[in-house]
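Here are my notes on this model, as numbered points. Please read them with the structure open.

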Amino acid sequence: QRATDAEAVAWLARRSGWPLAADLTSGMQSAGMSPTEALAYDQVLQEPIVADGLCPDVIIQFGEQITSARLLSLITSAASGPCVYAVFTDAPGRHDPSACVSLAISCSPAAAVQALAPVFFPASPPALLTTPSSDAAAITAASSPTQACRGLVGLVQLSAAAHTAYCRRLHINGLGPAGLGRPGRLAEPFVAVRVAAGLRAGAGLFAGNSMPIRDLSMFPPPPPGPLPGQEGPRRRAGWRRVGSMRGASGIDGLLAGALGYSDGIDAPVTLLIGDVSALHDLSSLHTIRHARHPFTMVVVNNGGCAIFSYLPIAAHPDVYSPYFDAPHGVNFGPLAAAFGLEYRRAETPDEFDQAYAESQASDKHFLIEAVTETSFNVALHRELGTLCARAVRNLVLPSLAWSWHGRVEAPDSVPGQRGAPVVLLHGFLGCKEDWKAVAAGLQGRHPVLVEDLPGHGRAACGPPGGGGSF
């Protein structure tokens with residue numbers, strides 16, 4: 001992670017108008033660095049209309065591992081076809097588990113943009129790359145965006161709709177049903193949003209594995225400043241450091257890793273960690289007092305390994321508990337006292353906001369225990385997914401204007417095919433190949449006509465010379 005790399009990628013997104021899907025660990029997520037950021041892309045990609053039908057021609061990835069499973073699934077699916085999937089990273093080794101990378105270049109993101117900018121924009125010099133990274137105003141002024149790309153840039157609008165949907169449900173930045181106060185129960189997505197949005201200036205964020213890193217990735221906070229027409233606290237814009245320990249280490253050693261991360265970046269750090277992960281690394285609690293910077297440890301205590309509640313195994317209570325959910329019944333208050341940490345327990349959104357704001361304004365080390373309930377969180381995650389999918393559909397479906405200009409001449413009869421002619425039309429974001437199996441079954445009995453609708457497959461948008469858009 002380097003600020004210069006983030007600035008270079010943000011400049012490319014702003015200058016090109018291409019949608020930007022910023023991974024949590026890039027430090028660019030919800031940082032307000034590009035108006036083309038698809039803020040809630042993970043939520044958009046759960047809607048089959050988008051996930052199954054989106055067919056990008058080119059995907060450019062800067063950096064290595066991707067947190068979002070839905071984004072990785074889209075990339076893998078697209079790269080199995082004609083899509084060009086290029087990866088620019090200076091990380092050691094090559095991370096390509098699906099063996100679908102078309103082009104792998106070993107270089108930093110900033111160096112990649114330096115090389116690509118004159119090719120993409122030959123008439124416009126890449127002003128960013130000659131601008132000191134500390135001069136944010138000059139960077140913004142030098143990076144006026146080009147006309148937005150058709151089609152794909154719609155991901156930004158879809159993402160905004162999904163983001164508003166879950167912020168409204170979680171009562172983020174004052175959004176919520178009229179007359180309805182903030183919910184009294186503390187929700188894990190709410191904790192993730194507040195932790196990311198409320199970091200002190202210059203601090204780093206460390207994402208624990210299991211549900212914390214997933215919630216941080218799936219539910220980015222609002223961009224800097226209040227949402228349009230809403231009152232709320234303003235948040236500092238710009239890149240921030242985000243660390244994680246993904247891979248075979250699982251939930252072991254996360255606290256020690258976060259402390260090392262704070263020492264490495266020479267800055268305060270907030271760690272969002274699950275209760276079982278914290279229990280696996282209790283021996284590291286005594287090292288917090290030796291941290292050179294204020295350290296905040298937010299422990300989401302849902303009573304066990306709640307991540308398995310989202311999986312099919314939860315439907316089998318005879319084996320689910322205690323073999324998968326691993327209930328522990330631990331109260332972290334006495335542990336915090338034993339190691340000399342400031343302790344706050346939060347069971348409501350207001351209690352959490354107060355405790356977290358106090359920790360970010362203090363020079364002391366804090367352990368905040370966010371107490372949640374598993375069945376409520378599982379139901380809430382599913383409700384948020386439904387709300388986001390509905391928001392995406394409500395934006396996409398009314399915008400469709402179906403029309404087909406043209407005529408197809410078919411013979412009155414085809415030798416050996418006695419049935420009536422059959423016309424097979426695919427759906428939105430489909431193509432004629434969707435009917436391949438059905439057409440094969442009809443062959444020999446009916447004349448079959450299978451066509452790509454305008455703007456789909458190999459068909460152009462609209463009639464020749466006419467307008468067409470998606």
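1. Start with a helix on a sheet. This is a predicted model. In it, helix H5 (residues 109–120) lies across S1 and S2. The helix H5 runs at about 145° to S1.

2. Now the sheet under that helix. Three strands make up an open sheet, ordered S1-S2-S3, with parallel pairing. Strand S1 (58–62) and strand S3 (103–106) are the edge strands, and each pairs on one side only. From one strand to the next, the twist averages 15°.

3. The S1 pairing can be checked by residue. S1 and strand S2 (residues 84–89) run parallel and are joined by five bridges. Phe62 has Phe88 in S2 as its bridge partner.

4. Next, strand S9 (residues 366–371). How many of its six residues are buried? Six of the six are, so to speak, under cover: the strand is mostly covered. Both faces of S9 are covered. On one side sit Phe366, Ile368 and Ala370; on the other sit Leu367, Glu369 and Val371; all are buried. Note that the buried set includes Glu369.

5. S9 has two pairings to inspect. Strand S7 (residues 295–301) runs parallel to S9, joined by six bridges. Thr296 stands opposite Phe366 in S9. Strand S8 (residues 342–346) also pairs with S9 in the parallel sense, over five bridges. Here Arg345 has Glu369 in S9 as its bridge partner.

6. S8, helix H14 (residues 349–360) and S9 form a β-α-β unit. Its hand is right-handed.

Note on methods
Residues numbered from 1 in each chain as written. Predicted model: local features only at pLDDT ≥ 70, side-chain atom pairs only at ≥ 80, totals over all residues. Heavy atoms only, no water. Pairing = 2+ DSSP bridges. Helix = DSSP H or I, 4+ residues; strand = E, 2+ residues; numbered from the N terminus. Axes fitted to C-alpha atoms, helices over the stretch in contact; angles between N-to-C directions. Contact = heavy atoms within 4.5 Å. Buried < 20%, exposed > 50% of the residue type's maximum accessible area, 1.4 Å probe, protein only. Right-handed = clockwise from strand over helix to strand, strands pointing away.
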